[in-house]
Amino acid sequence: MMQQTYTELLPPRRILLGPGPSMLDPRVLQALAQPPIGHLDPYLLKLYEEEQELLRIIFQTKNDWTFVLSGTGTAGMEAALANLLEPGDAVLVASHGYFGERLADIAGRLGALVDRIARPWGQIFSIEELEAALKRKQYKVFAIVHAETSTGAEQLHMAEIVSKAHQWGALVVLDTVTSLAGIEVRVDEWGVDLAYSASQKCLGAPSGLAPITVGPRARKAIERRQRPVSSFYLDFKLYAGYWNGNHSYHHTAPSGLHLAFREALRLAVEEGLEARFSRHREHAEALWDGLGSLLLPPFIPKEFRLPVLTTAILPGGLDEVAVRKRLLEEFDIEIAGGLGTLKGKVWRIGLMGYSSQRENVSLLLETLRTLLY
Ligand SMILES: *Cc1c(COP(=O)(O)O)cnc(C)c1O
């Protein structure tokens, strides 16, 4: 029989300008190529301490329970809700896009009583409408997405919203998957009880890890649970035992991903948060200017438009799938189409982490000009 040959290790070199994953700094790539380390090796345990310190700087928190889950951003979503909610608990989910819908879906699967308040995709909530919803019932948890990657909108007024949720007795879960390390996220100052993110967006690491931070009120709620968390894998108490306690075995952590992730966190802190936010904003402004002159105007009004993810309105009659196919296959540039109600109507262009560079913006704009005109 003929010996089957499989694809050689020669992956395409893409310019990643979609909603994640973002590109990797050479230092992160190098970290990714190191040999494996055991999950109880003192080197890895020391590296965890550094990751925790660096993440506390980036989340702007003092939370002791700040650690990194094995799994993507969706594991962060599942973990946040699974640790706080028990069957029958009331939860309010504020949804202004695809990921808000996913939060409501996950909460429902956990057996929680889910109330959903929604805005049309591309809009954000006012403090008043959220307060009116929070008043209706005693909710255990209120969950909301900070940066909606499906629409490119930033939910503003987070400090006030968190304060209203607390006033009405709910713990606040905040999705910072697309915002963390790209725009301001102030966990302690805003009073957020539980926030999670993902490694592959503005943090600039490979996909596969989900950092989380748990504040004192959320910890107390977890300690008071009647039943153990339904997921063994995502149980924060077991994570805390491995990360903060006596490092007892929970699961075999992916050491290669942690090496790369720590390097990405180090790069972010070396750059400085303020400088990093300015860089993301500056390159986004250049993108918006260029898109305007290509007649692909941004979909979101400037006051709550995310610098890290831009949705551009497509002209009628454009075969957008064909253009994206040529961008990828002929020019090695990845951007994304719209999700859900925005499918076929917008493109989603990410400038996250290491991908947020002036030359990437110029390259994309020049290539689009060639393909469209
Ligand atoms: C990407 C994303 C997620 C899910 O993360 P995965 O890493 O794809 O599992 C959740 N929330 C938001 C806002 C996201 O952008």
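Student: Why is Gln-60 called partly exposed?
Tutor: Its relative accessible area is 21%. Buried means under 20%, exposed over 50%, and partly exposed in between, with a 1.4 Å probe and protein chains only. At 21%, Gln-60 falls in between.

Student: What kind of model is this, and how are residues numbered?
Tutor: It is a predicted model: local features need pLDDT of at least 70, side-chain atom pairs count only at pLDDT 80 or more, and totals for chains, interfaces and linings use all residues. Residues are numbered from 1 along each chain as its sequence is written, and side-chain values use heavy atoms, with hydrogens and water left out.

Student: What makes the backbone of Gln-60 worth a remark?
Tutor: Its phi is positive, about 55°, although Gln-60 is not a glycine. Most residues other than glycine have a negative phi, and most peptide bonds are trans. Gln-60 sits in the loop between α2 (42-59) and β2 (65-70). Helices (H or I, at least four residues) and strands (E, at least two) are DSSP runs, numbered from the N terminus.

Student: Which value describes phi of Asp-332, and how exposed is this residue?
Tutor: Phi is near 60°, positive in a residue other than glycine. Asp-332 has a relative accessible area of 27%, so it counts as partly exposed. Its loop runs between α12 and β12 (333-334).

Student: What joins Gly-20 and Pro-21?
Tutor: A cis peptide bond, with omega about 5°. Pro-21 belongs to the loop between β1 and α1.

Student: How do you know whether α12 has the span expected of a helix?
Tutor: Helix α12 covers residues 320-331, 12 residues in total. The expected span is 1.5 Å times one less than the number of residues. From first C-alpha to last, α12 reaches 16 Å, close to the 16 Å expected.

Student: Which residues of α12 are buried, and how are they arranged around its axis?
Tutor: Glu-320, Val-323 and Leu-327 are buried. Down the axis of α12, the buried residues fall within an arc of 65°, so they line one face. The arc is that of the directions from the helix axis to the C-beta atoms. An α-helix has 3.6 residues a turn, so residues three or four places apart point the same way.

Student: Is Arg-109 buried or exposed?
Tutor: Exposed, at 68% relative accessibility. Arg-109 is in helix α4 (residues 98-109). Pro-87 is 22 residues away in sequence and 9.3 Å away in space, C-alpha to C-alpha.

Student: Is Val-346 buried or exposed?
Tutor: Buried, with a relative accessible area of 2%. It belongs to strand β14 (residues 346-350). Its C-alpha is 5.9 Å from that of Thr-311, 35 residues away along the chain.

Student: What makes an open space count as a pocket?
Tutor: On a 1 Å grid over the protein atoms alone, a pocket is an open set of points where a 1.4 Å probe fits, with protein on both sides within 12 Å along at least five of seven lines. Lining residues have an atom within 4 Å of a point. The largest pocket has 17 of them. Nearest its centre lie Pro-12, Arg-13, Arg-14, Leu-24 and Leu-29. Two or more lining residues come from each of β1 (15-16) and α1 (26-32).

Student: How do you know where this pocket lies relative to domain 1 and domain 2?
Tutor: Domain 1 (15-20 + 273-372) and domain 2 (26-269) both give residues to the lining, so the largest pocket lies between them. Domain bounds come from an automatic or database domain assignment.
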